[in-house]
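This briefing goes through one protein model, topic by topic. Please keep the sequence and the 3D view at hand while reading.

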Amino acid sequence: MVRIFYTLLLTLLLASCSQYQKALKSEDTKLKYDVAEKMYEKEKYAKAIRLFEMIAPSYRGKPQAEKLFYMYATSLYKNKEYYTAGYQYESFVSSYPKSAKVEEAAFLGAKSYYYLSPRYSLDQVDTYKALEKLQAFIDRYPNSTYMPEANQLVGELSRKLEKKAFEIAKQYFDTAAYFGDYNAAFKTLENFLIDFPGTELKEEALFIKFDASVKLALNSVESKMKQRLEDAHKAYDELIKYRADSKYKAEADKLLQSVDSELQKISK
């Protein structure tokens, strides 16, 4: 029985391959369509894509076009060809706005751009594009069943941009000792906190901002020192107001002593 089963399975596989090869060589677009649909249903997306690409121009404007272009876009998505999938889904939404598949296509199109977003340390152009596409979906389909996932993806992308911005701000601080530009580090951290008020990195960002403000003040010319020392004091207060039991408190208190010491000298 086992031998018979494997023989039948092999026969079916060979027939399927033979059918696909026949469709590739044929000039019959109907045959290509039928075989492409079978490949799609069998999740052989690379083969389906090849056939869909061959017949797509011939089917534009025909009754079967809506289904064909949906299957084509989905085959690209399943085959992880996200750039082309995103484009094809957007084209589908534009061409068939009344389709029963339009909401799904709009979401998967936006999600395709999510997959194109690189790790946070690289250029984030595609991350911004993905956020734009997902936000457009959220605005257009506020009651969609895809809304929880869309919001989750937006959250992930936003945290990636947040991490990128924080690492840039830290880099300004880390290199300030070499270039003597603690003012740039201070301003970059201040901008980070303005741009991401709810960040999970707030405590660390507030401490580094305070540290930068102290170093900026202590290395200032006499005419600017008093004001900058007072600004450093405000930065300390900001950290403690946010988290009185901050893990950075002991270190921050030592830095504050230098600030107070310099302020006392100036007042005398």
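The model is a predicted one.

**Helices α5 and α6**

- Two packed helices are described by the angle between their axes and the distance between the axes.
- Helix α5 covers residues 82–95 and helix α6 covers residues 102–116.
- Their axes are 8 Å apart and form an angle of about 155°.
- Angles over 145 degrees count as roughly antiparallel, and α5 and α6 are therefore roughly antiparallel to each other.
- The crossing of these two helices, α5 and α6, is left-handed.

**Helices α4 and α5**

- Helix α5 also packs against α4, at an angle of about 155° and with the axes 8 Å apart.
- α4 and α5 are therefore roughly antiparallel to each other.
- Where α4 passes α5, the crossing is left-handed.
- On the α4 side, the contact is made by Glu66, Phe69, Tyr70, Tyr72, Ala73, Thr74, Leu76 and Tyr77.
- On the α5 side, the contact is made by Tyr82, Thr84, Ala85, Gln88, Tyr89 and Phe92.
- The residues in the contact of α4 with α5 comprise 10 nonpolar, three polar and one charged.

**Helices α6 and α8**

- Helix α6 packs with α8 at an angle of about 20°, and their axes are 11 Å apart.
- Angles under 35 degrees count as roughly parallel, and α6 and α8 are therefore roughly parallel to each other.
- The crossing of α6 and α8 is left-handed.
- Phe107, Lys111 and Tyr114 of α6 meet Glu149, Ala150, Leu153, Glu156 and Leu157 of α8.
- Sorted by class, the contact of α6 with α8 has five nonpolar residues, no polar ones and three charged ones.

**Nonpolar cores**

- The largest nonpolar core has 51 residues.
- Tyr40, Leu51, Phe52, Leu68, Phe69 and Phe137 are the residues with the most contacts inside this core.
- Two or more residues of this core come from each of α1 (2–25), α2 (29–41), α3 (45–59), α4 (65–78), α5, α6, α7 (125–140) and α8 (147–179).
- Helix α4 gives the largest share of this core, nine residues.
- Leaving out residues up to four places away in sequence, leucine 51 touches Tyr20, Ala23, Leu24, Lys32, Val35 and Ala36.
- A second, separate core has 31 residues, including Leu206, Ile208, Val214 and Met225.

- Most residues other than glycine have a negative phi.
- Glutamate 43 is not a glycine, yet has a positive phi of about 65°.
- Glutamate 43 is found in the loop between α2 and α3.
- With exposed meaning over 50% relative accessible area, glutamate 43 counts as exposed at 57% relative accessibility.
- Lysine 80, also a residue other than glycine, has a positive phi near 65°.
- The loop between α4 and α5 holds lysine 80.
- Lysine 80 counts as exposed because its relative accessibility is 63%.

**Two buried residues**

- Tyrosine 248 sits in the loop between α11 (222–242) and α12 (249–267).
- Is tyrosine 248 buried or exposed? Buried means under 20% relative accessible area, so tyrosine 248, at 15%, is buried.
- Not counting residues up to four places away in sequence, tyrosine 248 touches Glu203, Glu204 and Phe207.
- The C-alpha atoms of tyrosine 248 and isoleucine 208 are separated by 9.6 Å, and these residues are 40 residues apart along the chain.
- Isoleucine 208 is one of the residues of the second core.
- Aspartate 211 lies in helix α10 (residues 202–218).
- Aspartate 211 has a relative accessible area of 7% and is therefore buried.
- Which residues does aspartate 211 touch, not counting residues up to four places away in sequence? Aspartate 211 touches Phe173 and Leu255.

Methods. Residues numbered from 1 in each chain as written. Predicted model: local features only at pLDDT ≥ 70, side-chain atom pairs only at ≥ 80, totals over all residues. Heavy atoms only, no water. Axes fitted to C-alpha atoms, helices over the stretch in contact; angles between N-to-C directions. Helix = DSSP H or I, 4+ residues; strand = E, 2+ residues; numbered from the N terminus. Parallel < 35°, antiparallel > 145°, perpendicular 65-115°, else oblique. Left-handed = near helix turned anticlockwise from the far one by under 90°. Core = buried A, V, L, I, M, F, W, Y, C linked by side-chain atoms within 4.5 Å. Buried < 20%, exposed > 50% of the residue type's maximum accessible area, 1.4 Å probe, protein only. Contact = heavy atoms within 4.5 Å. Nonpolar A, V, L, I, M, F, W, Y, C, P; charged D, E, K, R; others polar.
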